[in-house]
Amino acid sequence: MSTAIVEQPNEVFAGTAGPLVKVDHLTCVFDVSRPWLERTLAGAPKQMLTAVADLSFEIARRETFALVGESGSGKSTVARMVVGLLSPTAGQVTIDGVSMSDPRLAAAREKLRRRIQMIFQDPFASLNPRWRVDRIVAEPIRAFGITRNDAEVEARVSELLKLVRLDPADGRKYPHEFSGGQRQRIAIARALSANPEFIVCDEPTSALDVSVQAQILNLMRDLQDRLGLTYLFISHNLAVVRHMATRIGVMYLGRLVEVAPARDIFAHPRHPYTRMLLDAVPDLAMAGRQRKPVDGETPNPIAPPPGCPFHPRCPFAAERCRTERPHAIVTGSVSVACHAVEEGRI
Amino acid sequence: MSVLAQPPAAQAHRGLLARAWDSDIGYSFRTSPVAIGAAAITLVIVLATVFAEFITPQNPFDAAALNLMDGFTPPGEAGAGSGMYFGLGADSQGRDMYSAILYGSRVSLLIGTASVIFSLVLGVSLGLIAGYIGGRIEALIMRIADIQLSFPAILVALLVFGIARGLIHPSLHEQMTFAVMTIAIGLSNWAQYARTVRASTLVEKRKEYVDAARVIGLRAFPVMIKHVLPNVAGPILVIATINLALAVLEEATLSFLGVGMPPTQPSLGTLIRIGQQFLFSGEWWILLFPSLALVTIALSINLFGDWLRDALNPKLR
């Protein structure tokens, strides 16, 4: 399958120094108060939900950075801020040196958009049900004005469909005529159509059957190698992340509690929350390891607990954890925010 | 590939009509006698009004063609003046009721259709904007819709009509009546479209295909038109069909009250108003036949709309 698209790894940008994506002290606060009139009548205060708090990480070119965490930990909010669907309350996202929130860089950002794409969680919602597949896949090509020639667009679309192992004739069909896995491949074809170099994948396999998940993940890895893609991979499934990620960031209640290379996280999880997540994975290789069961649910992000947000569920919590918020301590390639780890208690 | 006999290429090349006939809605239509009957009657009436010139004996709007001596000719008799045969009788001016009804239905249907299009465009745009943009704009638009819905539609139409009359020079009144009626009826019905479209837009805009369009930098307006609108269009069609019947009735009401179409270019409502003056003097046909025409039009459009609503509602299938 030697085609123009396949033969275009992003060599041009690969030479530039520094990380491709830089996330600096990213914070996102939502106003979840009741409407003004109701609030005033009831005398209730404004309610603010901190979805993401002071988050920083970097993604190097051609690596896969995975964000893991439970539902409600703010993973998807981070993804939406990184692609610019949501503007951060504080902090900023910088992609290839261009800030995503600086109003002075609007022109540079428009150019940048073409190099960023997103793959969504639910393939049943991410394709417009009224559009034919070829129009869906061609939308970024037309939106970015890559080519206005209809024959060229058609050729690219069938090339892309072949790339994701679909029949080019499928372009004439509507999304409802496909299965979940096929739809996700259509979504991948759309994401690739404008030759992006950075793709944000928001739980791309969690709506799919297990047998199809592997297929999609292998396709994504294969495409990464061939096209030199960089992924930000959001997932709650550690087994999936293990298969995909170069580095992993573990999120809890909108904060990064641990960032480490994938191998390290699975071999030596440091943060108690990471341990808990790993213990929850039913995996033969981990059988026999001592498990520390942790009860409870994620606390309400409107009123997060003081000190370390994990302390109500943490088996190692000490007095200091209840009052003082831990900061990330970097040792080598690993960064952990935990008093117990810092003090050597665990 | 599927096991169905049709190869995809052949499917794509089949006509739109053939595909519509085979679709779920086509099947529902074929098996519903009420829908077929209502659609057939509506079609016959629409065709008859469009080609009224060719199937009527006189032009009832042309004063020179009328013979006053034919006035009050009962149905099925020849006029005393012209000797012309009056199947549905003649009114006080010697106007053939059959011709007047066809020409009047044309006026009624034209105003109905135009006002439905007007309120549809207005309501759908405002509903899309309210649902998609949200915030204060949404609150403003929806509160106006709420206020409007708390008044009867006919009252709003009367108000608009009255204001327009005051603004337009009296010499232009007769020419402008059509436009004023359209706007008056259209303005009294937009809120229903706006509400429906806003509700569906709120659902659709949270779906990921909208995000996918925003990621590639599409602005709010193209996203609304290209992505959201096609997905909220289903219910609009149903409301528009049912509202067409309502708009025809509303036009008739206004004309009956004497604020609508003038007697020189009568609509069905005007004919009914003229007819009711003669009811107690025994000339029943001047009132009865336009009323029957109005009921038939409203009923057949309404029954068709009811069927369409059920056919498009997956829960009732």
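In the predicted model, Glu63(A) is buried, with a relative accessible area of 9%, where buried means under 20% relative accessible area, exposed over 50% and partly exposed in between (1.4 Å probe, protein chains only). Arg247(A) counts as partly exposed at 22% relative accessibility. These two residues form a salt bridge, with the closest N and O atoms 3.2 Å apart; a salt bridge is defined as a side-chain nitrogen of Lys or Arg within 4 Å of a carboxyl oxygen of Asp or Glu. The pair links distant parts of the chain, 184 residues apart: Glu63(A) lies in the loop between β2 (48-59) and β3 (64-68), and Arg247(A) in strand β9 (residues 247-252). Helices (H or I, at least four residues) and strands (E, at least two) are DSSP runs, numbered from the N terminus.

Residues are numbered from 1 along each chain as its sequence is written, and chains are lettered from A and ligands numbered from 1 in the order in which they are written. As the model is predicted, local features need pLDDT of at least 70 and side-chain atom pairs count only at pLDDT 80 or more, whereas totals for chains, interfaces and linings use all residues; side-chain values use heavy atoms, with hydrogens and water left out.

Over all chains, the whole structure contains 30 salt bridges. Within chain B, Glu138(B) pairs with Arg198(B), the closest N and O atoms being 2.6 Å apart. Glu138(B) is buried at 15% relative accessibility, while Arg198(B) is partly exposed at 25%. A further salt bridge joins Arg195(B) to Asp146(B), with the closest N and O atoms 2.6 Å apart. It links helix α10 to helix α7 of chain B across 49 residues.

Between the chains, 18 residues of chain B are in contact (heavy atoms within 4.5 Å) with 28 residues of chain A. The buried area, meaning the accessible area (1.4 Å probe) that two parts lose on being put together, summed over both, is about 1900 Å², of which carbon and sulfur atoms give 56%. On the chain B side, Glu208(B), Val215(B) and Ile216(B) lose the most area to chain A, together 36% of what that side buries. One salt bridge is counted between the two chains: Arg80(A) pairs with Asp211(B), the closest N and O atoms being 2.8 Å apart. Helices α11 (208-215) and α12 (220-256) of chain B each supply at least two residues of the side that touches chain A, and α11(B) gives the largest share, seven residues.
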